[in-house]
Amino acid sequence: MADIFDVIADATRRELLQHLLDASLRGDNGTGELSVSELVDRMDATQPTVSKHLKVLRDHGLVTVREEGQHRYYTVEPAPLEEVEDWVIPFLSADFDAEAEAGRAVFAAWAGADVASAGSSVGRVAADASHQARTLIEGAQEKLHDVQEAVAKRLPWKSGDDAR
């Protein structure tokens with residue numbers, strides 16, 4: 001389990017994964033793939049650095065590569081991150097206190113669920129929903145940032161100009 005944590009501990013690799021996830025969500029190039037040169041353009045890193053980190057991600061199954069001539073196109077492969085999710089989820093659901101746990105059990109009973117098994121599954125569902133919401137919000141924030149940058153590049157004035 002430590003291997004995957006070591007891989008994602010590196011900020012450059014996390015940034016690469018984020019760019020590939022964004023491309024996948026937006027359907028960049030119709031496939032969600034990004035070439036090495038596209039990744040270099042999106043990052044503050046050199047091509048050898050990006051390639052080195054992509055190799056680590058590829059070796060651990062976090063990305064897949066498609067070769068076309070001399071070009072390599074990468075896509076994110078989220079399955080290995082399920083190990084991380086399985087490890088993190090209990091921590092995300094552990095912050096519920098006894099009163100909240102009782103409330104979940106009451107709701108589960110009201111909903112017709114088996115209360116004995118509902119406590120652990122309700123916490124997991126809540127943590128999953130929280131994670132999905134955070135992921136969507138972060139994705140929306142990044143898209144907003146990208147749009148703001150694109151608009152700023154098209155404006156005739158510089159950000160420091162007062163003559164707007």
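**Salt bridges, sheet and helix packing in a predicted model**

At 53% relative accessibility, E67 counts as exposed, where exposed means over 50% relative accessible area, buried means under 20%, and partly exposed lies in between (1.4 Å probe, protein chains only). The structure is a predicted model, in which local features need pLDDT of at least 70, side-chain atom pairs count only at pLDDT 80 or more, and totals for chains, interfaces and linings use all residues. Residues are numbered from 1 along each chain as its sequence is written, and side-chain values use heavy atoms, with hydrogens and water left out.

R72 is partly exposed, with a relative accessible area of 35%. By the salt-bridge rule, the count comes to four. Another of them joins the side chains of E33 and R66, with 2.7 Å between N and O. Since E33 belongs to the loop between α2 and β1 and R66 to strand β2, this pair ties together parts that are 33 residues apart in sequence. E33 counts as buried, at 10% relative accessibility, whereas R66 is partly exposed, with a relative accessible area of 33%.

A further salt bridge links K55 with D59, the closest N and O atoms being 2.8 Å apart. Both residues lie in helix α4, four residues apart, about one turn of the helix. K55 counts as partly exposed, at 42% relative accessibility.

The wider fold gives these pairs their setting. The secondary structure comes to seven helices and three strands; helices (H or I, at least four residues) and strands (E, at least two) are DSSP runs, numbered from the N terminus. Along the sequence, the pattern reads α-α-β-α-α-β-β-α-α-α. The three strands form an open sheet in the order β1-β3-β2, with antiparallel pairing, two strands being paired if DSSP finds at least two bridges between them. β1 (34-35) and β2 (63-68) stand at the edges with a single partner strand each, so one side of each is left without a neighbour in the sheet. β1 pairs with strand β3 (residues 71-76) in the antiparallel sense over two bridges, and S35 stands opposite Y73 in β3.

Two helices can be followed onto this sheet. Helix α2 lies across β1, β2 and β3, running at about 85° to β3. Helix α4 (residues 47-59) packs on the sheet, touching β2 and β3, and its direction makes about 115° with that of β2. For these angles, axes are lines fitted to C-alpha atoms, for helices over the stretch in contact, and angles run from 0 to 180 degrees between N-to-C directions. Contact means heavy atoms within 4.5 Å.

Within helix α2 (residues 11-26) lies H19, which counts as buried at 12% relative accessibility. Leaving aside residues up to four places away in sequence, H19 touches L34, L39, R42 and M43.

Turning to the whole protein, buried residues make up 24% of the 164 residues. Among contacts between residues at least 6 apart in sequence, 51% join residues at least 24 apart.
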